[in-house]
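The notes follow in the order in which I took them.

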Amino acid sequence: MSLDFQPLVSNALLALLLVPLIALTLAGIYLRQRGSLLRLLAIAAFGMALFNPIVVNEEREPLKSVVAIIADRSQSQDLGNRSADTDAALRQVQTALTRLPQFEVRTVEAGRATENDDATSTRLFQALNGAFRDVPPSRIGGAIMITDGEVHDIPANPSALGFNAPVHGLITGVPGEIDRRVQFVRAPRFGLTGKPQAMTYKVTASSEPPGSRARVRVRVNGTETASEEAIIGEEMPVEVTLTRAGVNIVEIIVDSIPGELTEVNNRAVAMVDGIRENLRVLLVSGEPHNGERTWRNLLKSDASVDLVHFTILRPPEKQDSTPINELSLIAFPTRELFVDKIEQFDLIIFDRYQHRDVMSLLYYDYINDYVQKGGALLIAAGPEYAGNMSIANTPLLSVLPATPTGNIEEKAFYPRLSEQGKRHPVTRGLEGSTQEPPGWSRWFRVIDVNPPEGSVIMNAGDRPLLVLNRMGEGRVGMFLSDQGWLWARGFEGGGPHAALYRRIAHWLMKEPELEEEALTASGSGRNLEIRRQTMKKAADPANVITPSGKTKSIPLAETEPGVFTASVPTDEIGLYQVANGDLTTLAHVGPIDAPEFTDNVSTTAKLDPLARQTGGGTRRLRATADQSTIEVPNIVASRGMASASGDNWIGLRPTNETVLKSVTRLPLFSGFLGLGALILVLGGMWYREGK
């Protein structure tokens, strides 16, 4: 109930009317004139009527305080019994708050990944702000966080919370947990393949003093390369060699110890992009022709290729009267190329080359040995391959995938992909290959060969056109036509010569992306992307081992010939192991060094300082005497208390806010009441003046 004034006239007019009257009345009182007090009462009654006092009676309903319960569902909460303890504590807290009707409860589960949040850290206060977004600070009664204590967004001081209410922490886990962790301190993002890369790592442990030693293993792309002892608490150097171009996964694995909380953080991962040094290619052309420039232009246009090109312009049998000292030709350095430096080349190409005693037969043996030990050889055959001077009549025959019959077919044909070629990564999806006739120009010559070894991935009618084969540790390719230059010149619209030639060269040089049988996996956001290349018409499901050790079988669907893929949503951050048949690979989902795995040991130390400053506190959840559930402190309303936490209770603060339901207004000087008062005082004044 309250008294309100609503004047009938403006304040200025009130002053103009009442001030002179009050002044005259006060002067009369001072001069002791008769009737001055009655005049004062009459002026007061007149003034009250003008001021119009009103008694206001408001009916109000108290509002509820809003309390947030934040349940930590981050990945570290999956350890031990933490998740079950969180569920039990959440149920008990919710039940206890139902007995306190002055509180409105909002429950938020935080820490798990969503479409908009990859949950690489435990951000409970972000979730708390979201729960209170539409609540004025005066109505906030407090917050209860059920967590393992590993919270990564704790404000520096209570003022950053935006409200004045207690924050309590109920901590899962058990005291004295044991855990080891390893992490990279410095790791390059890029590195040259085949060259040592310097890295540093650090092993920490919750239960072992600094200076202790732990056994660690080093793996590159799943293959163990080193094993050594690391000093706990100190940065340790390590050198690794990248084995392939593209993404290389480098792992440091520290041995686990008995009773360890988890082995998830016993493995540190670094993703290093391998970059090849310039590829060295030797191109030997038997004689100048239209296709020679096509090969040269393609290889010269690739900045990653160092090209050495020789064309045989003057074979030994060519005799004329030109003096030797007047010749400007460079002698073909056969010994230097094929004996001294042959191992320095990544690829050797013979383009329409024929044996004309430029190379001794011994050098072909060196080429054979080069291929068997891992080298790459490409034969771009022309008419000379079917003749008497064919290199098929040399010791090189032992590595050639196809031998000539001596026939040359010279008629128009469209190069077409074979059934193998439609699935092979060298020719799969080649632009124009899906049309009939193919969306490229015709060729007019093909060298006839006996049934070849290896994979025939392109045909000229019913004859092989492009053959790929493995020999020992190396690879050999054979193009049985010299008319690829027609595509390069744009004849009848041309064709995808650059893509085809480049893929052939890179397959020969063992580019991982062009392997016929390959399994790759990668993380994309919170999805695990699996890709299986195979020459088979079906692929078995992929077996996936999650960072926590769970095993899943993932079916693969064919997205294009020879390619089977799957995209799998994940709820764990870390390293996934993927296997399919004899192939295995690794993939990391989420950030490499996510804060979620920085520490897994439960603790009260991180949350307790802020909780105490707000009047709250932290305590560990403990099992009941019969081990059937856990004990949760009593929850009480703590209006006016400085501290909202005790030995076995936690407090939440009710609000003083109310909501208006109705208003009753009673004017005091209006109607008969005001009229009677005025008549009374004016009559009294008249009566007194009449005497």
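Contact means heavy atoms within 4.5 Å, and helices (H or I, at least four residues) and strands (E, at least two) are DSSP runs numbered from the N terminus. I kept in mind that this is a predicted model, where local features need pLDDT of at least 70, side-chain atom pairs count only at pLDDT 80 or more, and totals for chains, interfaces and linings use all residues. Residues are numbered from 1 along each chain as its sequence is written, and side-chain values use heavy atoms, with hydrogens and water left out.

Sheet. I traced five strands in an open, parallel sheet with the order β4-β3-β5-β6-β33, where two strands pair if DSSP finds at least two bridges between them. At its edges I found β4 (103-110) and β33 (618-620), each pairing on one side only. Strand β6 (residues 167-171) is joined to β33 by three bridges, and Ile171 has Arg620 as its bridge partner there.

Helices. I noted that α4 (residues 124-131) lies across β3, β4 and β5, at about 150 degrees to β3.

Loop residue. I then turned to Thr394, in the loop between β18 (376-380) and β19 (404-409). Not counting residues up to four places away in sequence, Thr394 touches His355, Leu361 and Tyr364.

Methods:
Axes fitted to C-alpha atoms, helices over the stretch in contact; angles between N-to-C directions.
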